[in-house]
Amino acid sequence: DRENKFINGLGATFIAYRFGGLGRYGESYFFYANDYIYVFNMTAGAFCEFPEIGLHEWDLYMNAVNTLTLITPEP
């Protein structure tokens with residue numbers, strides 16, 4: 001799946017994909033700004049989860065995507 005979105009005022013392309021097996025999926029957000037492409041990617045699997053302290057990979061990923069801000073330095 002592919003969808004164009006605006007996130008935090010920035011244009012982004014969202015891609016959801018499956019790979020490997022039925023339970024394997026991933027999501028990516030691509031942001032183009034200042035002649036660079038910024039990519040946030042998440043694949044299925046709780047590889048870095050600490051539920052006892054409320055730290056969940058998916059929450060961190062979505063927080064990074066939704067709060068991305070780019071500042072163009074001025075000379």
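Reader: Which residues of helix 1 are buried?

Author: This is a predicted model, and in it the buried residues of helix 1 are Glu57, Tyr61, Met62 and Val65.

Reader: Why do they line one face of the helix?

Author: Looking down the axis of helix 1, you find its buried residues within an arc of 125°, so they line one face. As a general point, an α-helix has 3.6 residues a turn, so residues three or four places apart point the same way.

Reader: And what covers those buried residues of helix 1?

Author: The cover includes strand 1 (2–7), strand 3 and strand 4 (36–43).

Reader: Ok, what about the largest nonpolar core, which residues make it up?

Author: Eleven residues in all: Ile7, Leu10, Ala12, Phe14, Tyr29, Phe31, Met42, Tyr61, Met62, Val65 and Leu68.

Reader: Which elements give two or more residues to it?

Author: Those would be strand 2, strand 3 (25–33) and helix 1 (57–66).

Reader: Leu68 is on that list. What does Leu68 touch, skipping residues up to four places away in sequence?

Author: Leu68 touches Asn8, Leu10, Phe31 and Phe40. Leu10 and Phe31 are core members too.

Reader: Switching topic: is Tyr32 buried or exposed?

Author: Tyr32 counts as exposed because its relative accessibility is 57%, and the cut-off for exposed is over 50%. Tyr32 lies in strand 3.

Reader: So which residues is Tyr32 in contact with, leaving aside neighbours within four places in sequence?

Author: Gly11 and Ile37. There is also a polar contact between the side chains of Tyr32 and Asp35, at 3.3 Å.

Reader: Where is Thr13 found, by the way?

Author: Thr13 sits in strand 2, which covers residues 10–18.

Reader: What does the side chain of Thr13 make a polar contact with?

Author: With the side chain of Asn4, at 3.1 Å. Setting aside residues up to four places away in sequence, Thr13 touches Arg2, Glu3, Asn4, Ser28, Tyr29 and Phe30.

Reader: Last thing, the confidence. What pLDDT does the chain average?

Author: The protein chain averages 82, and 87% of the residues score at least 70.

Reader: Which elements have the lowest and the highest mean pLDDT?

Author: Helix 1 has the lowest mean, 82, and strand 1 the highest, 92.

Notes. Residues are numbered from 1 along each chain as its sequence is written. This is a predicted model: local features need pLDDT of at least 70, side-chain atom pairs count only at pLDDT 80 or more; totals for chains, interfaces and linings use all residues. Side-chain values use heavy atoms; hydrogens and water are left out. Helices (H or I, at least four residues) and strands (E, at least two) are DSSP runs, numbered from the N terminus. A polar contact is a pair of N or O atoms within 3.5 Å; within protein, one must be able to donate a hydrogen and the other to accept it, and residues adjacent in sequence count only if both atoms are side-chain atoms. Contact means heavy atoms within 4.5 Å. A nonpolar core is a set of buried Ala, Val, Leu, Ile, Met, Phe, Trp, Tyr and Cys residues joined through side-chain atoms within 4.5 Å. Buried means under 20% relative accessible area, exposed over 50%, partly exposed in between (1.4 Å probe, protein chains only). The arc is that of the directions from the helix axis to the C-beta atoms. pLDDT is the predictor's confidence in each residue, from 0 to 100.
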